[in-house]
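Please look over the sequence and the structure before reading on.

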Amino acid sequence: MPSLHTIDVGIDRDINAVIVGMALPWNSGIVEGHVDCSKMRKRQILA
């Protein structure tokens, strides 16, 4: 499957970032939530 191959290649290329991202105890979940909310509001205004 081409899409799975693309993901696999990307993970292999950035394996160090993937390992560090999985090992660290913090994440950007709250920030991402605010970004999603801002994008939704922008879409509503432009619609």
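How many residues has α1, and how far does α1 reach from its first C-alpha to its last? Helix α1 has 12 residues and reaches 17 Å between those two atoms, close to the 16 Å expected at 1.5 Å a residue. The expected span is 1.5 Å times one less than the number of residues in the helix. Helices here are DSSP runs (H or I, at least four residues), strands are runs of E with at least two residues, and both are numbered from the N terminus.

The model is a predicted one, in which local features need pLDDT of at least 70 and side-chain atom pairs count only at pLDDT 80 or more, while totals for chains, interfaces and linings use all residues. Residues are numbered from 1 along each chain as its sequence is written, and side-chain values use heavy atoms, with hydrogens and water left out.

**Overall layout**

The protein has 3 helices and 0 strands, and along the sequence the pattern is α-α-α. Its C-alpha atoms fill a box of roughly 40 × 30 × 15 Å, taken along the principal axes. Accessible areas come from the Shrake-Rupley method with a 1.4 Å probe; for residues, only the protein chains shown count as cover.

Buried residues make up 0% of the 47 residues. Here buried means under 20% relative accessible area, exposed means over 50%, and partly exposed lies in between (1.4 Å probe, protein chains only). Helix α1 is hardly covered, with a count of 0 buried residues among its 12.

Ile11 and Ser3 belong to α1 (residues 2-13), whereas Val35 is in α3 (residues 29-46). The table gives the relative accessible area of each residue and its C-alpha distance to a second residue.

| Residue | Relative accessible area | C-alpha distance |
|---|---|---|
| Ile11 | 38% | 20 Å to Pro25 |
| Ser3 | 48% | 29 Å to Pro25 |
| Val35 | 32% | 18 Å to Ala47 |

Along the chain, Ile11 is 14 residues from Pro25, Ser3 is 22 residues from Pro25, and Val35 is 12 residues from Ala47.

**Nonpolar patch**

Met1, Leu4, Ile7, Ile11, Ile15 and Ile19 make a nonpolar surface patch of about 610 Å². Patch residues have over 30% relative accessible area and no salt bridge; like charges are joined within 9 Å, and nonpolar side chains (Val, Leu, Ile, Met, Phe, Trp, Tyr) within 5 Å. A salt bridge is a side-chain nitrogen of Lys or Arg within 4 Å of a carboxyl oxygen of Asp or Glu. Helices α1 and α2 (15-23) each supply at least two residues of the patch. Helix α1 gives the most, with 3 residues; Ile7 lies in this helix.
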